[in-house]
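Hi everyone, thanks for making time for this. Let me put the model up on the screen, and then we can walk through it together.

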Amino acid sequence: MSNWVRAHTNIALIKYWGKENENLIIPMNNSLSLTLDAFYTETNVTFDDDLKSDQLYLNGHMQDFNALIKVKTVLDLVRKKAGIKTKARVDSYNYVPTAAGLASSASGLAALAGSASRAAGLDLSSKDLSKLARRGSGSASRSIYGGFAEWQKGHSHETSFAVPVDAADWDIGMLFIVVNDKKKDISSREGMSRTVNTSPFYQGWLDTLDADLNTMKEAIKNQDVHKVGEIAERNALKMHATTLGAKPPFTYWSPDSIKAMDAVKQLRETGFSVHFTMDAGPNVKLICRQSELEDIKHHLLVDFKESQLISAKPGPGLHAISK
Ligand SMILES: O=C(O)C[C@@](O)(CF)CCOP(=O)(O)OP(=O)(O)O
């Protein structure tokens with residue numbers, strides 16, 4: 001029985017950075033993202049009575065127990081909902097350009113939620129799929145939808161899910177500057193936990209989010225890519241500022257991250273509407289007009305290799321595929 005589904009990664013423009021409830025993955029604030037076409041995960045789940053334990057094959061290679069932790073959380077919730085105890089085999093393929101360090105947990109856990117629920121005979125609504133994916137990884141809740149999606153924080157499992165905001169069928173795109181960095185990144189889960197628990201800047205970050213979200217939604221409604229980028233860049237810088245006050249302090253930025261951020265500022269000075277955002281890694285993600293992607297890419301080739309520059313357009317939500 002084929003239960004192949006595809007989910008695309010999403011990049012937050014208003015960041016999720018901190019949990020109110022770690023176990024249920026309830027966030028401190030609402031977040032808003034853009035789902036992209038370029039990076040996605042395809043997953044198939046099969047429940048099999050002959051299996052003694054859950055198995056995860058990632059890009060064809062069997063994974064160890066640790067990689068299974070988030071997967072088992074989702075599988076256990078599906079088994080409970082379906083009233084079964086059967087173990088499952090999960091086959092997942094990440095279609096992320098060879099560039100290292102591009103997070104795929106959002107697309108991976110969203111695809112898992114979609115395929116596991118189908119394989120267990122559940123026909124979940126998008127809202128319930130978003131809640132299920134959220135329990136695997138918070139940002140996965142947003143990949144259920146294409147275009148712009150808002151994860152409404154809620155205060156319980158039942159009330160914390162994403163909703164679609166805008167189809168993003170207008171002139172907006174993203175360009176990734178992939179900065180391969182040797183040092184081991186601190187995972188987003190650990191990074192946000194340490195920040196919430198120890199950074200004196202954290203409350204200041206939280207205090208500004210309602211205004212950021214409201215102005216962002218207004219900018220999206222007006223299809224104002226310059227304003228969308230401006231708000232997103234400021235939001236990302238505030239998020240990353242919180243990590244410098246954590247104990248011990250840390251940053252996801254590498255020297256090449258700062259080189260990339262400077263390149264964006266220079267592009268703005270030459271008249272492009274281009275801004276950047278960053279997540280739990282050194283890569284820098286540009287927000288610009290889709291119609292200007294190639295021109296911007298051309299300018300960046302002065303400082304970066306072609307292989308480091310990856311264009312992306314808005315992408316679709318979770319959907320079944322035939323393989
Ligand atoms: O995507 C965003 O809103 C912002 C971030 O990417 C910034 F790094 C965090 C994503 O965190 P995630 O991996 O979802 O954490 P989990 O719930 O602990 O699995």
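So, to start: what area is buried between domain 1 and domain 2, and what percentage of it do carbon and sulfur atoms give? The answer is about 2,800 Å², with 73% from carbon and sulfur atoms. By buried area I mean the accessible area, taken with a 1.4 Å probe, that two parts lose on being put together, summed over both.

Before going further, a word on where this comes from. What you see is a predicted model, in which local features need pLDDT of at least 70 and side-chain atom pairs count only at pLDDT 80 or more, while totals for chains, interfaces and linings use all residues. Residues are numbered from 1 along each chain as its sequence is written, and side-chain values use heavy atoms, with hydrogens and water left out.

Now the domains. The assignment gives domain 1 as 5–168 and domain 2 as 173–312; such bounds come from an automatic or database domain assignment. Their C-alpha centres lie 23 Å apart. Domain 1 brings 31 residues to the contact and domain 2 brings 39, where contact means heavy atoms within 4.5 Å.

What about polar pairing across that interface? There are nine residue pairs in polar contact between the two domains, both residues at pLDDT 80 or more. A polar contact here is a pair of N or O atoms within 3.5 Å; within protein, one must be able to donate a hydrogen and the other to accept it, and residues adjacent in sequence count only if both atoms are side-chain atoms.

On the domain 1 side, the elements giving two or more residues are β1 (5–14), β4 (31–47) and β8 (148–152). β4 gives the most, with six residues. Strands are DSSP runs of E, at least two residues, and helices are runs of H or I, at least four, numbered from the N terminus.

Next, salt bridges, meaning a side-chain nitrogen of Lys or Arg within 4 Å of a carboxyl oxygen of Asp or Glu. The count comes to 18, and two are found across the domain interface. Let's look at Asp279 and Lys15, whose side chains meet at 2.6 Å, N to O. Asp279 sits in the loop between β11 (275–277) and β12 (284–288), and Lys15 in the loop between β1 and β2 (19–21), so this pair ties together parts 264 residues apart in sequence.

On to the ligand. It is surrounded by 18 residues, the closest being Tyr16, Lys19, Ser137, Ser139 and Arg189; the cut-off is a heavy atom within 4 Å. A side-chain N or O atom of Tyr16 is 2.6 Å from a ligand oxygen. For Ser137, that distance is 2.7 Å, and a polar side-chain atom of Ser139 lies 2.7 Å from a ligand oxygen.

Finally, two backbone details. Most residues other than glycine have a negative phi, and most peptide bonds are trans. Asn59, in the loop between β5 (55–58) and β6 (61–62), has a positive phi of about 50°. The peptide bond from Lys247 to Pro248 is cis, with omega near -10°, and Pro248 lies in the loop between α7 (225–244) and α8 (255–269).
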